[in-house]
Amino acid sequence: MQKFTKNEIKLTGTEKKLLVIGAVCFVLYLGCLIIPKITEHYAYNEALDLARQGDWDSVVLKLDDYKWASDDTMNLYSIAAAEKSYADGDLVQTYYHLTDISANYAGEFSGEVSKMKQDIQAADEEWKKKEEVEEAAAAKERERQVAIKKEKQKVVEAERAKHIYIGDPESKIRKVFGEPDRVNRHVSEYGTLKQYVYEYDDGNTYIYTRDGVVTDFQD
């Protein structure tokens, strides 16, 4: 019968050292992969217990370093952050945290999530109604101010119509003072100058125009 002998592999001291180093590195590599997962798992479970107790502040602190690790941690972190902002009365931040929750989330806290969304929607509708009321009031106030301005303008125009001012048209003179006792006219290369004379018992009034515009008066 033929005999078989085992070939023994002989390693040098250096090769043995390299083999040991490789094994150690492989174990460390596996540790780097597994340990964070284990840590995250424990952190998530602890945070879950805190969430069930309603301690949302502690949940946020517990998951702050792990929120990007998985959808579960991100959802729980976002729910806790939303609840925290909701308790503080900050509906804007609550809304932003709710948008970070998966659209198809149907987990243990889906009831709380739905309630916050409904409250935010109700608050938004109430804010819109309030804004509409305020805008209507502002529009009414603008209309009132315009009416007041127009009324003041009418008073100014009515008062102005009773007097002659420099810059007024010549035609206004007769509307305010009536027919003059006489009109003195002087035409030159500088234009047509007129002097309207109104004679009264207590003195005369003189109004001067140049080319149809009141330029001066004297009484």
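**A buried valine and its surroundings**

Modeller: Val60 is buried, with a relative accessible area of 14% (buried means under 20%, exposed over 50%, partly exposed in between, with a 1.4 Å probe and protein chains only). The model is predicted, so local features need pLDDT of at least 70 and side-chain atom pairs pLDDT 80 or more, while totals for chains, interfaces and linings use all residues. Residues are numbered from 1 along each chain as its sequence is written, and side-chain values use heavy atoms, without hydrogens or water.

Val60 sits in helix α2, residues 56–63 (helices are DSSP runs of H or I with at least four residues, strands runs of E with at least two, numbered from the N terminus). Leaving out residues up to four places away in sequence, Val60 touches Tyr77, Ala80, Ala81 and Lys84 (contact means heavy atoms within 4.5 Å). Val60 and Ala80 are 20 residues apart in sequence, yet their C-alpha atoms are 6.0 Å apart in space.

Ala80 and Ala81 are among the buried residues of α3, as are Tyr77, Met74 and Leu76. Helix α3 covers residues 71–87, which makes 17 residues. Of these, 12 are buried, so α3 is largely enclosed by the rest of the structure. From first C-alpha to last, α3 reaches 24 Å, close to the 24 Å expected at 1.5 Å a residue (the expected span is 1.5 Å times one less than the number of residues). After α3 comes Gly89, whose phi is positive, near 80°.

In one of them, the ring centres of Trp56 and Phe109 are 5.7 Å apart and the planes stand at 75°, so the pair is edge-to-face. Trp56 lies in α2 and Phe109 in the loop between α4 (91–98) and α5 (110–161), so the pair ties together parts 53 residues apart in sequence. Both Trp56 and Phe109 are buried.

Elsewhere there is an open sheet of four strands, in the order β1-β2-β3-β4, with antiparallel pairing (two strands pair if DSSP finds at least two bridges between them). β1 (182–188) and β4 (213–218) stand at the edges with a single partner strand each, so one side of each has no neighbour in the sheet. Strands β2 (191–200) and β3 (203–210) pair over eight bridges. Thr205 in β3 is the bridge partner of Tyr198.

Technical notes
Rings of Phe, Tyr and Trp (its six-membered ring) pair if their centres lie within 6.5 Å; planes under 30 degrees apart count as stacked, over 60 as edge-to-face and the rest as tilted.
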